[in-house]
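Please look over the fold and the side-chain contacts of this model. A short report follows.

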Amino acid sequence: MAQNNNRKNPPNLGFLAIQEVAWTLGLAAMVMNAVDRGLDWIWIGLLVCWQASIIWGFVKLRRTKTT
């Protein structure tokens, strides 16, 4: 019988900081691409979803520190 393990590792502050730096580089790449070829909606969609996942990581990190 498989063991049901619902415990997950909480996000790490260092990992979330690296994600923010990478997101900022992605934003810079989007701006450089927009200057040359115009705005691409796929860039905006990817960056918005990525930022939402980073924010959710910070929320989960805060929840684990308060409990």
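## Overall fold

Residues 24 or more positions apart account for 67% of those contacts in the protein chain that have a separation of 6 or more. The model is a predicted one. The protein chain has two helices and zero strands.

Of its 67 residues, 18% count as buried. The protein chain exposes about 5800 Å². Carbon and sulfur atoms supply 64% of that area.

Helix α1 covers residues 13-37. Its 25 residues should span 36 Å at 1.5 Å a residue. The end C-alpha atoms are 36 Å apart, so the span agrees with the expectation.

Helix α2 covers residues 41-66 and has 26 residues. From its first C-alpha to its last it reaches 38 Å. That is close to the 38 Å expected at 1.5 Å a residue.

## The packing between them

The buried residues of α1 are Leu16, Gln19, Trp23, Gly26, Met30 and Asn33. What covers them includes α2. In α2, the buried residues are Leu47, Gln51, Ile54, Gly57 and Leu61. These pack against α1.

Which residues does Gln19 contact, leaving aside its neighbours within four places in sequence? They are Trp50 and Ile54. Gln19 sits in helix α1 and is buried. Its side chain is joined to that of Trp50 by a polar contact of 2.6 Å. Ile54, the other partner of Gln19, is among the buried residues of α2.

## The start of α1

Asn12 lies in the segment before α1. Asn12 caps the N-terminal end of this helix. A side-chain oxygen of Asn12 is 2.7 Å from the backbone nitrogen of Gly14.

Is Asn12 buried, partly exposed or exposed? Its relative accessibility is 49%, so Asn12 counts as partly exposed. The cut-off for exposed is over 50%. Asn12 and Leu61 are 49 residues apart along the chain. Their C-alpha atoms are separated by 7.3 Å. Leu61 is one of the buried residues of α2.

Just after α1, Gly38 takes a positive phi of about 95°. Gly38 is also touched by Asn33. Asn33 is found in helix α1. With a relative accessible area of 15%, Asn33 is buried; the cut-off is under 20%.

What else does Asn33 touch, not counting residues up to four places away in sequence? Asp40 and Trp43 are the other partners. Asn33 and Trp43 are 10 residues apart in sequence. From C-alpha to C-alpha they are 9.4 Å apart in space.

## The salt bridge

How many salt bridges are there? The count comes to one. Arg37 forms a salt bridge with Asp40. The closest N and O atoms are 3.9 Å apart. The cut-off is 4 Å.

The two partners can be set side by side. Arg37 has a relative accessible area of 65%, so it is exposed. Asp40 has a relative accessibility of 29%, so it counts as partly exposed. Asp40 is also in contact with Asn33, and Asn33 is buried.

## A nonpolar surface patch

Leu27, Val31 and Val35 make a nonpolar surface patch. Its area is about 260 Å². Val31 is placed in helix α1.

Why does Val31 count as partly exposed? Its relative accessibility is 46%. Partly exposed runs between the buried limit, under 20%, and the exposed limit, over 50%. Patch residues must have over 30% relative accessible area, a limit that Val31 passes at 46%.

Methods:
Residues numbered from 1 in each chain as written. Predicted model: local features only at pLDDT ≥ 70, side-chain atom pairs only at ≥ 80, totals over all residues. Heavy atoms only, no water. Patch = residues over 30% accessible without salt bridge, like charges linked within 9 Å, V, L, I, M, F, W, Y side chains within 5 Å. Areas by Shrake-Rupley, 256 points an atom, 1.4 Å probe, with all protein chains shown as cover. Salt bridge = Lys/Arg side-chain N within 4 Å of Asp/Glu carboxyl O. Helix = DSSP H or I, 4+ residues; strand = E, 2+ residues; numbered from the N terminus. Buried < 20%, exposed > 50% of the residue type's maximum accessible area, 1.4 Å probe, protein only. Expected span 1.5 Å × (residues − 1). Contact = heavy atoms within 4.5 Å. Polar contact = N/O pair within 3.5 Å; in protein donor to acceptor, adjacent residues only side chain to side chain.
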